[in-house]
Amino acid sequence: MIQSAAPDPQLTGRLSQLVARARSAVTGTRRASWRDVTHFLTHGFPAAVYRARHWWVPTALISTAVAALLGWWIGTHPEVQASIAAPAELREMTRPGGQYETYYSSNPATSFAAQVWTNNAWAAALCLILGVFLGLPVLWILFQNMLNLGVGFGLMSSAGRLDTFLGLVLPHGLLELTAVFVAAGTGLRLGWTVVDPGPRTRRTALAEEGRAALAMAIGLALVLFVSGAIEGFVTPSGLPTWARITIGVVAELAFLAYVYILGGRAARAGATGDLEESERSATVPTAA
């Protein structure tokens with residue numbers, strides 16, 4: 001009222017100071033600490049991923065099937081391969097020492113890992129954020145990823161070098177694709193929340209699920225950092241194929257155990273991945 005009716009800079013400043021001090025006295029002050037980081041990594045993030053498992057597990061299975069079908073279609077139809085590139089270019093890509101193999105060692109490992117991590121983390125964040133648009137952008141991003149995988153699968157299999165392709169993709173691809181599937185599944189769930197918010201109001205449901213999704217973007221960035229390190233340092237290394245794949249399998253199993261054991265326990269204890277109740281805005285109770 002003072003600001004609109006009788007603006008007085010001194011009085012306004014004094015009252016603003018009193019309001020700030022009163023708020024601090026009533027609600028207290030809270031600063032982020034390492035305890036918050038630990039709680040997020042041991043409760044919030046794994047619980048959010050665990051709660052979304054009914055979305056990202058089917059997403060992973062269907063997407064993998066789509067990539068396999070695309071790979072089979074490309075690998076068994078020369079006319080499709082001809083539409084991708086000229087025969088000479090295809091031979092250059094798939095031959096021993098060709099582009100598919102040298103791609104992983106084309107840049108210094110550190111810069112390559114950083115580039116891969118940045119690109120994948122951005123793609124995962126887009127899936128999580130754009131899910132609010134009924135999940136449609138998520139489906140497009142997911143299809144583009146599966147198409148790229150299917151093209152490589154089909155071209156290398158048609159050249160009789162499928163084992164080489166799998167030896168290059170599996171070490172980092174297991175964990176990397178799982179993170180993408182988690183992001184896509186969570187984005188699709190967020191899109192479905194717009195359609196069916198359940199007993200909550202649509203605004204409340206979107207706020208809760210949206211906050212959890214944004215927090216998951218941070219957690220998935222850490223997961224993709226690991227897969228990026230594997231892609232930059234392990235995939236192009238001189239280790240035997242079985243050793244490189246073993247590293248990828250161990251990383252994947254460690255993540256799944258983290259989600260299903262630690263996340264499952266946290267979810268059953270009530271963790272959702274959203275902010276703590278004391279940190280959320282107050283909401284008006286609604287009838288179920």
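Axes are lines fitted to C-alpha atoms, for helices over the stretch in contact, and angles run from 0 to 180 degrees between N-to-C directions. Helices are DSSP runs (H or I, at least four residues), numbered from the N terminus.

The structure is a predicted model, in which local features need pLDDT of at least 70 and side-chain atom pairs count only at pLDDT 80 or more, while totals for chains, interfaces and linings use all residues. Residues are numbered from 1 along each chain as its sequence is written, and side-chain values use heavy atoms, with hydrogens and water left out.

Two packed helices are described by the angle between their axes and the distance between the axes.

| Pair | Axes come within | Crossing angle | Handedness |
|---|---|---|---|
| Helix 4 (residues 53-76) and helix 10 (residues 162-195) | 8 Å | roughly 120° | right-handed |
| Helix 4 and helix 12 | 13 Å | roughly 155° | left-handed |

The angle of roughly 155° between helix 4 and helix 12 makes helix 4 roughly antiparallel to helix 12. Angles under 35 degrees count as roughly parallel, over 145 as roughly antiparallel, 65 to 115 as roughly perpendicular and the rest as oblique. A crossing is left-handed if the near helix is turned anticlockwise from the far one by less than a right angle, and right-handed if clockwise.

With contact defined as heavy atoms within 4.5 Å, Arg53, Trp56 and Val57 of helix 4 meet Leu256, Val259 and Tyr260 of helix 12. The residues of this contact comprise 5 nonpolar, no polar and 1 charged. Here Ala, Val, Leu, Ile, Met, Phe, Trp, Tyr, Cys and Pro count as nonpolar, Asp, Glu, Lys and Arg as charged, and the others, Gly among them, as polar.

Towards helix 10, the contributors from helix 4 include Trp55, Trp56 and Thr59, and those from helix 10 include Phe181, Leu188 and Trp192. The contact of helix 4 with helix 10 divides into 8 nonpolar, 5 polar and 1 charged residues.

A nonpolar core is a set of buried Ala, Val, Leu, Ile, Met, Phe, Trp, Tyr and Cys residues joined through side-chain atoms within 4.5 Å. In the largest one, which has 41 residues, Phe45, Val49, Met216, Leu220 and Phe255 touch the most other members. Helix 11 gives the most to this core, with 9 residues.

Serine 227 also lies in helix 11. Apart from neighbours within four places in sequence, serine 227 is in contact with His172, Leu175 and Glu176.

Technical notes. Helix = DSSP H or I, 4+ residues; strand = E, 2+ residues; numbered from the N terminus. Buried < 20%, exposed > 50% of the residue type's maximum accessible area, 1.4 Å probe, protein only.
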